[in-house]
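Work through these exercises with the model open beside you. Try each task before reading its solution.

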Number of protein chains: 2
Amino acid sequence: MRNIKLLIEYDGTHYHGWQRQLNAISIQEEIEKAIYKLTKEKVNLTASGRTDVGVHALGQVANFYTESTIPAERVSYALNSLLPDDIIIVESKEVEQDFHARYSAQGKKYRYLIYNRIQPSAFLRNRACHVRGRVELEAMRHASQLLVGTHNFKAFCAAGAVVKSFEREIYDINICKEEGGYMISIDVFGSGFLYNMVRIISGTLIEIGLGKRKETDIIEAIETGERGKAGKTAPAHALYLMEVLYSKQPL
Amino acid sequence: MRNIKLLIEYDGTHYHGWQRQLNAISIQEEIEKAIYKLTKEKVNLTASGRTDVGVHALGQVANFYTESTIPAERVSYALNSLLPDDIIIVESKEVEQDFHARYSAQGKKYRYLIYNRIQPSAFLRNRACHVRGRVELEAMRHASQLLVGTHNFKAFCAAGAVVKSFEREIYDINICKEEGGYMISIDVFGSGFLYNMVRIISGTLIEIGLGKRKETDIIEAIETGERGKAGKTAPAHALYLMEVLYSKQPL
């Protein structure tokens, strides 16, 4: 059995998230179906993590085991010819037997996109979060640095999530504005993320940028772990899984 | 009667082009319907020019006359609340009585987008032209300069177009590649364009970038006016009307 690693890009708009489920089309199911057409094998495709309904990916990683003899590098071409055009296998290669897309991951990079213009964009309705009011970048940047490091992120996790620990490490947060344009990106790079964590961080930073929330709220949210101290969960359709890192030197 | 000028952005994917027609939904019709809901007036919306099926706009300009007393600047907000979310009125303002979106135009800027990666993009399937092979930017840039100036562009016009003259002036062509990315843009800035002219120019330059056509073909195409001397018409879904200029100093 060979272990094949896929680098996957998808527009999440028309899917009910990554994970296979009943009565709804998922990205995992579409790719598993394409692998079945190619190899006649019912594989279980393991991703670095689930993505929610509407969330996109430029660098999702998944792996599966196969008896097929198709050259690993050709798998991407073959699958792309079988997949819908909003799911693209950017790269396929054979990896070591013990590579596991989820457990081997050392870090992840997410991007949250904000379209900051009075009128929304005709092109980005499913791709970026429209924020009408003027956003203060420096306030967002300054506040974002309070989140960097190892903290208890319970206040930045969707209520009801069952996890062993709320402790996570954020390696870095970078906030950029497109030159001469309206797009603001929040890049969050960390060891791993709780459920809705990047969306809650983004929602909190947007509120700070709009002057609706104080920087000290972040300190209180981390200290108390109270979900109410953090901002709203920003919409899913503006979130992108950019990269999954498997090296031990993530920075 | 006030004369209202609209600055319009649209994702052309789901429309049969700008112009109102029977049995197909057009951008003009959608906006005229929204104006009717707002003012109860059946107006005739005049654009700077038609755009084809699938073509997008970031800076289409149109004007209409109205008896309505709604403040001109508020018209954009009111129309956006009535329009589908792939058509956005970016700005509305009152202009002089003799302003005519088409006849007053002094120049237009178009952009053609190429996605130059082996695998296509999951996000740009309706937004950019996928070119798999390696494109030589310098060859495209050098060849593009042969088109700048006043020439007979008959070879760069769709067959059967009825026009008084095939002479047009191209002020400038700029070809850029996204840093660290796969997107190439061809910006074409001219006095006015023949039917399919920017798409044929883009198709010709892509063939030159791929080494499938020689630079001298452009010289022959201009000299002979033969459509066959120019390249294929590049797909519509990668073309954007960026800006319409109304000043007399377009450069």
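This is a predicted model: local features need pLDDT of at least 70, side-chain atom pairs count only at pLDDT 80 or more; totals for chains, interfaces and linings use all residues.

**Exercise 1. Find how H1 and H2 of chain A are arranged, and which residues join them.**

Step 1. Locate the helices. H1(A) covers residues 27–39, and H2(A) covers residues 72–82.

Step 2. Look at their axes. They come within 9 Å and cross at roughly 110°.

Step 3. Classify the angle. Angles from 65 to 115 degrees count as roughly perpendicular. H1(A) and H2(A) are therefore roughly perpendicular to each other.

Step 4. H1(A) passes H2(A) in a right-handed crossing.

Step 5. List the residues in contact. H1(A) gives A:Ile31, A:Ala34, A:Ile35, A:Lys37 and A:Leu38. H2(A) gives A:Ala78, A:Leu79 and A:Leu82.

Step 6. Sort them by class. The contact of H1(A) with H2(A) has 7 nonpolar residues, no polar ones and 1 charged.

**Exercise 2. Decide whether H3 and H4 of chain A are roughly perpendicular or oblique to each other.**

Step 1. Find the pair. H3(A) is residues 137–144, and H4(A) is residues 197–209.

Step 2. Read the geometry. The axes come within 8 Å and cross at roughly 135°.

Step 3. Test the angle. Roughly perpendicular runs from 65 to 115 degrees, and roughly antiparallel begins over 145. H3(A) and H4(A) are therefore oblique to each other.

Step 4. The crossing of H3(A) and H4(A) is right-handed.

Step 5. See who meets whom. A:Leu137, A:Ala139, A:Met140, A:Ala143 and A:Ser144 lie on the H3(A) side. They meet A:Leu205, A:Ile208 and A:Gly209 of H4(A).

Step 6. Sort by class. This contact has 6 nonpolar, 2 polar and no charged residues.

**Exercise 3. Describe the two domains of chain A and their contact.**

Step 1. Domain 1 of chain A is 2–95, and domain 2 of chain A is 107–245.

Step 2. Taken over C-alpha atoms, they are 27 Å apart.

Step 3. Count the contact. Domain 1 of chain A supplies 13 residues, and domain 2 of chain A supplies 10 residues.

Step 4. Sort the domain 1 side. The side that touches domain 2 of chain A has 5 nonpolar, 7 polar and 1 charged residues.

**Exercise 4. Work out how chain B meets chain A, and what rotation relates them.**

Step 1. Count the contact. 16 residues of chain B touch 16 residues of chain A.

Step 2. Find the elements on the chain B side. Strand E1 (2–10), H2 and strand E4 (87–95) of chain B each supply at least two residues. The largest share, 3 residues, comes from E4(B).

Step 3. Sort by class. The side of chain B that touches chain A has 7 nonpolar, 4 polar and 5 charged residues.

Step 4. Superpose the copies. A rotation of 180° with 0.0 Å of shift along its axis puts chain B on chain A, with RMSD 0.0 Å.

Step 5. Name the relation. That is the relation of a two-fold axis.

Step 6. Locate the axis. In chain B, the C-alpha nearest the axis belongs to B:Phe123, 5.5 Å from it.

Step 7. Compare the surfaces. The same surface serves both copies, and 100% of the contact residues of chain B recur in chain A.

Terms used
Residues are numbered from 1 along each chain as its sequence is written. Chains are lettered from A and ligands numbered from 1 in the order in which they are written. Two residues are in contact if their C-beta atoms, placed from the backbone, lie within 7 Å. Helices (H or I, at least four residues) and strands (E, at least two) are DSSP runs, numbered from the N terminus. Ala, Val, Leu, Ile, Met, Phe, Trp, Tyr, Cys and Pro count as nonpolar, Asp, Glu, Lys and Arg as charged, and the others, Gly among them, as polar. Axes are lines fitted to C-alpha atoms, for helices over the stretch in contact, and angles run from 0 to 180 degrees between N-to-C directions. Angles under 35 degrees count as roughly parallel, over 145 as roughly antiparallel, 65 to 115 as roughly perpendicular and the rest as oblique. A crossing is left-handed if the near helix is turned anticlockwise from the far one by less than a right angle, and right-handed if clockwise. Copies are superposed by least squares on the C-alpha atoms of residues with pLDDT of at least 70 in both. Domain bounds come from an automatic or database domain assignment.
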